[in-house]
Amino acid sequence: MELASKSGDLSAADRSEDASDAGRIRWLPPLLFVLIAGVMLIDVGLDARSGADATHLGLELLVVVGSLSGAVLMMLELRAARSRASALGHQLIQVNSEAARFRQEAQLHLRGLSEAIDRQFGLWALTASEREIGFLLLKGLALKEIAEARGTSERTVRHQALNLYKKAGVGGRAELSAFFLEDLLAPAGSG
């Protein structure tokens, strides 16, 4: 949802106004080419009336054809760019939707893992403080950080962590983490 909200920061009115401005600007270069072609056609007509030579008239007609061709090519390129932008917009919506689904699914799995860890802590008969320290250890916090977060001394946290390890039958933080993560993290290539 975070991705979706970041891409949706502009209100619908802002996006509509931006699209309207872009629509007006988008037609400016081709319109300029058409105007140049129109002015050149007028000039060709005036030159033809005044008896200009065929080479001069031919060159001016070439400019007219070039301007009109440029306008047509720009219009085609603008249409293709709009189509690509629309396709990218649809892809972004799809990716945002998939990311939101993944985040929701991950939250469910994490909640389940957290509940499983808490159940195991209960089986080990950990105190409320030992459980809290256990979760913080599994999150990777250092003993000093845990002490600061809990408003206790590092020595108290170390003592409670040692009690936790003893009740769990593990030798330290690495074994505690491995107890919960060993079966979750299969080696690469295993099915």
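How far apart are the end C-alpha atoms of helix 3, and what span should its 22 residues have at 1.5 Å a residue? The 22 residues of helix 3, residues 28–49, should span 32 Å, and the end C-alpha atoms are 32 Å apart, so the two values agree. This is a predicted model. The protein chain has 8 helices and 0 strands, and of its 191 residues 20% count as buried.

**Overall make-up**

- Read along the sequence, the elements of the protein chain follow the pattern α-α-α-α-α-α-α-α.
- The accessible surface of the protein chain is about 13,500 Å², and carbon and sulfur atoms account for 63% of that area.
- Of the contacts between residues at least 6 apart in sequence, 58% join residues at least 24 apart.

**Helix 3**

- The buried residues of helix 3 are Pro 30, Ala 37, Met 40, Val 44 and Asp 47. Viewed down the axis of helix 3, these buried residues fall within an arc of 100°, so they line one face of the helix.
- An α-helix has 3.6 residues a turn, so residues three or four places apart point the same way.
- The other side of helix 3 has exposed residues: Leu 28, Leu 32, Leu 35, Val 39, Ile 42, Leu 46 and Arg 49.
- After helix 3 comes Gly 51, with a positive phi near 85°.

**Nonpolar core**

- The largest nonpolar core contains 18 residues, and Trp 124, Leu 137, Tyr 165 and Leu 176 have the most contacts inside it.
- At least two residues of this core come from each of helix 4 (54–123), helix 5 (128–138), helix 6 (143–150), helix 7 (154–168) and helix 8 (173–181). Helix 7 gives the most, with 5 residues.
- Apart from neighbours within four places in sequence, Leu 137 is in contact with Leu 143, Ile 146, Ala 161, Tyr 165, Arg 173 and Leu 176. Two of these partners, Tyr 165 and Leu 176, are themselves listed with Leu 137 among the residues with the most contacts inside the core.

**Aromatic pairs**

- A pair of aromatic rings is described by the distance of the centres and the angle of the planes.
- The count of aromatic pairs comes to 6. In one of them, the rings of Phe 121 and Phe 135 have centres 5.2 Å apart and planes at 70°; edge-to-face pairs are those with planes over 60 degrees apart, so this pair is edge-to-face.
- Phe 121 lies in helix 4 and Phe 135 in helix 5, so the pair ties together parts that are 14 residues apart in sequence.
- Phe 121 is buried, with a relative accessible area of 0%, whereas Phe 135 counts as partly exposed at 21% relative accessibility.
- Ring pairs link Phe 121 and Phe 135 with Trp 124, Phe 179 and Phe 180 into a cluster.

**Gln 120**

- Gln 120 is found in helix 4. Buried means under 20% relative accessible area, so Gln 120, at 18%, counts as buried.
- Leaving aside neighbours within four places in sequence, Gln 120 is in contact with Phe 179 and Phe 180, both of which belong to the aromatic cluster.

**Loop between helix 4 and helix 5**

- Ala 125 lies in the loop between helix 4 and helix 5. Its phi is near 60°, a positive value in a residue other than glycine.
- Ala 125 is exposed, with a relative accessible area of 53%.

Methods. Residues are numbered from 1 along each chain as its sequence is written. This is a predicted model: local features need pLDDT of at least 70, side-chain atom pairs count only at pLDDT 80 or more; totals for chains, interfaces and linings use all residues. Side-chain values use heavy atoms; hydrogens and water are left out. Helices (H or I, at least four residues) and strands (E, at least two) are DSSP runs, numbered from the N terminus. Buried means under 20% relative accessible area, exposed over 50%, partly exposed in between (1.4 Å probe, protein chains only). Contact means heavy atoms within 4.5 Å. Accessible areas come from the Shrake-Rupley method with a 1.4 Å probe; for residues, only the protein chains shown count as cover. The expected span of a helix is 1.5 Å times one less than its number of residues. The arc is that of the directions from the helix axis to the C-beta atoms. A nonpolar core is a set of buried Ala, Val, Leu, Ile, Met, Phe, Trp, Tyr and Cys residues joined through side-chain atoms within 4.5 Å. Rings of Phe, Tyr and Trp (its six-membered ring) pair if their centres lie within 6.5 Å; planes under 30 degrees apart count as stacked, over 60 as edge-to-face and the rest as tilted.
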